[in-house]
Amino acid sequence: MTEARTRKWNWAKYWDSLRFALYCMTHPLDGFWDLTHEKRGTMAAANTILIVTLIVRIMKLRYTSFLFLTVYWEELNIFLYLASIVFPLALWVVGNWGLTTLFDGKGRLGQVYMATCYGMTPYPVIQLPLMIISNFVTIEEGQFYSVLSVISLIYCALLIIAAMGQIHEFSGGKNLLFTVATLFAMLVMIFILMIFFSMISQGVMYFVSLAREFMFRI
Amino acid sequence: MTKKRILAAVAASAVCLFTTVLMPSVAYAKENDSYTYNIDYWGDVQDSPDFYTVSSVFTSSDLGLDVKMKSPEGLFMYGDLLYVCDTGNNRILELKRESSEKLTLQRIIDSFQGADNNTFSGPTDVAISEEGNFFIADKGNARVLKLDKDLNYLMEFNKPEDNTLDKDLTFQPSKLAIDTAERVYCIASGINKGMIKYESDGTFSGFVGATKVTFDFADYIWKKFATQAQRAQMESFVPTEYDNIYMDYEGFVYACTGAVTREDLRADKADAVRKINLMGNDILVRNGEWGVYGDIHMGSGGGYEGPSYFSDVTVFENDIYICLDRNRGRLFGYDDQGRMVFACGSNGNMDGYFRRPVAIEHYGYDVYVLDTLDCAITGFVPTEFGSLVYQAMDQFDQGDYEASGASWQRVMDLNGNYDLAYIGIGRALLRQERYKEAMEYFEVKYDDENYSKAFKQYRKEWVEDHIGIIVAVILVLFLVPLGIGRIKAIRHEIDTADIFRYGQQ
């Protein structure tokens, strides 16, 4: 973001960096190396990819054929649904950066975020056409839907792992080790957050009940 | 069906962890406000107009009995005669159905001729073959009696001689069913190997249709390492006993059992109802969104909890079957595809409510339910809504699709929350080759298979109608880039042609 702010907004650079996401999809190792080291990627493009991913995820709810995805609208909370991407993403980025920075990781927090967002490219690229096609097939022909849907997720995961290895300049083994460690770190963070929230709510409840008791006595 | 939900569930699961902390949600079960209800695609309880209404309740005094009925247990309908096993009084009552509001006492059967012991001891079930011979489960006397229609002793079926049976076990036949060849299918307390099958000459020919044995894999591992003494202490993996059986008009035996746990039912490991063919295999169709086990919400309410306890089942001539839930005093109707047609009833003392219903029989679409604590028979007749549903189904089976569609439409006018009505209209439209309209009805109620059928035909028609345009579009898609490439190539050749270059220089 700093680059974009200090310099004049550069459409050509933005467009080029966005198209670079497609290059990263097909050439993960080369692409993700250049992403940070050659400064081919931009924060604006990363944000765009994230936003497009979120939009596709919401559109899927409405426009996927009911054969493959039925939505219980009464209990759907759109913000929580978006959080199912954003929240793990935030945990991943923070967890990964926090760990790798202690162990010679070269990537900075912003770069981890940018590379992860670039790694999510296959999701909109595959899911959007899949969503459209789902309306033109029957349930018997629908097997490919679930297969492709799973492939898009695995693809994303592989890209993100590859991206982390490249931006931190890790070897393959070390990269895998830190992927597992990051997942573990995410769990720890969830655990701490849960404790934090339950403590806070207990604390608040204490004062609420105190106030209630007080009201009764008056 | 679960597959689809899993997709949504997986997506939400990550969030769930988070939300449970932020927003303490209160789990609640919807109280059933109406007497009749149904369960929709999502598993929500949808109130419904009454499907059956009580025509009359027949108590001992209504029937003009001098000795009041005492814990009666069995019902059997033969023509227009309704037989009631008055178990506590060791007799069988023969009632004649005059109309849906009237049952008259024909005779009281408490003894027969031609045997030393010519009385009954706690008869629990009676069945009558096509020839008119009586088969009576004489539980206290450890025998199944066969009498002719004038109550002369013909023969009896005793404890099967089988090495796998415990020698000391007293034979207590409780329920029975007779097929057209007078073969006897019987269930007895303490025998869990399935139904006991006797040939018509009285020889025991084997056990058929034992329930699936379910066990926990963890338990299995534990057992492997346990000592003999420990193993004896543990629960053994045995099939459960059936509670009741019913022979349908085609000769299939419907067997129900209440000894099932909620976990097994949900994991599809146990069946509350089974349809057993001659081979002893279960052939019940379970295409509904939810299993054929009554209530899917099993939370405690009003002192009752756990899954529905099916104590009896009866099958109509159109393959709709009604299961009787002893636990919550309910009737559950299912169609031939295993989809719930209706659910109604409750525990209580009013007409149409039960205390301990044990047996169900039908006459046409009328239903009789026997309550063993109330010692009363409750007669039900279908309401306008119920009759319309049956009518629509029958018309569909007879191939009168237009009329069936119209009947379903009237059902839908009476109950807009009735999934089967939408699917029924859709199926009628599908048969009339009105695919586009059918698709809309199927989509509303998430019937993916029928939708796919309709869509497949619709797509075929669409392609046939638009074949010209499709070919044109494909041609354009191929020819235009080809042409552009060609033109570019020619232009390039011209631009680089030697003659012009020389000319320029």
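This is a predicted model: local features need pLDDT of at least 70, side-chain atom pairs count only at pLDDT 80 or more; totals for chains, interfaces and linings use all residues.
Chain A exposes about 12500 Å² of accessible surface, of which 72% is supplied by carbon and sulfur atoms.

## Fold and dimensions of chain A

Chain A contains nine helices and zero strands, so that its pattern, read along the sequence, is α-α-α-α-α-α-α-α-α. The C-alpha trace spans about 70 × 50 × 40 Å along the principal axes of chain A. The radius of gyration of chain A is 21 Å, whereas a compact globule of 218 residues would have a value near 17 Å.

Of the 218 residues in chain A, 42% are buried. Among the contacts in chain A with a separation of 6 or more, 80% are accounted for by residues 24 or more positions apart.

In chain B, Glu73(B) is placed in the loop between strand S3, which covers 52–58, and strand S4, which covers 74–78.

When neighbours within four places in sequence are left aside, the residues in contact with Glu73(B) are Cys85(B), Thr87(B), Thr124(B), Lys175(B), Val358(B), Ala359(B), Leu370(B) and Thr372(B). His362(B) lies 289 residues from Glu73(B) along the chain, and the C-alpha atoms of these two residues are separated by 16 Å.

Technical notes: Residues are numbered from 1 along each chain as its sequence is written. Chains are lettered from A and ligands numbered from 1 in the order in which they are written. Side-chain values use heavy atoms; hydrogens and water are left out. Helices (H or I, at least four residues) and strands (E, at least two) are DSSP runs, numbered from the N terminus. The radius of gyration is taken over C-alpha atoms; the globule rule is 2.2 Å times the number of residues to the power 0.38. Buried means under 20% relative accessible area, exposed over 50%, partly exposed in between (1.4 Å probe, protein chains only). Contact means heavy atoms within 4.5 Å. Accessible areas come from the Shrake-Rupley method with a 1.4 Å probe; for residues, only the protein chains shown count as cover.
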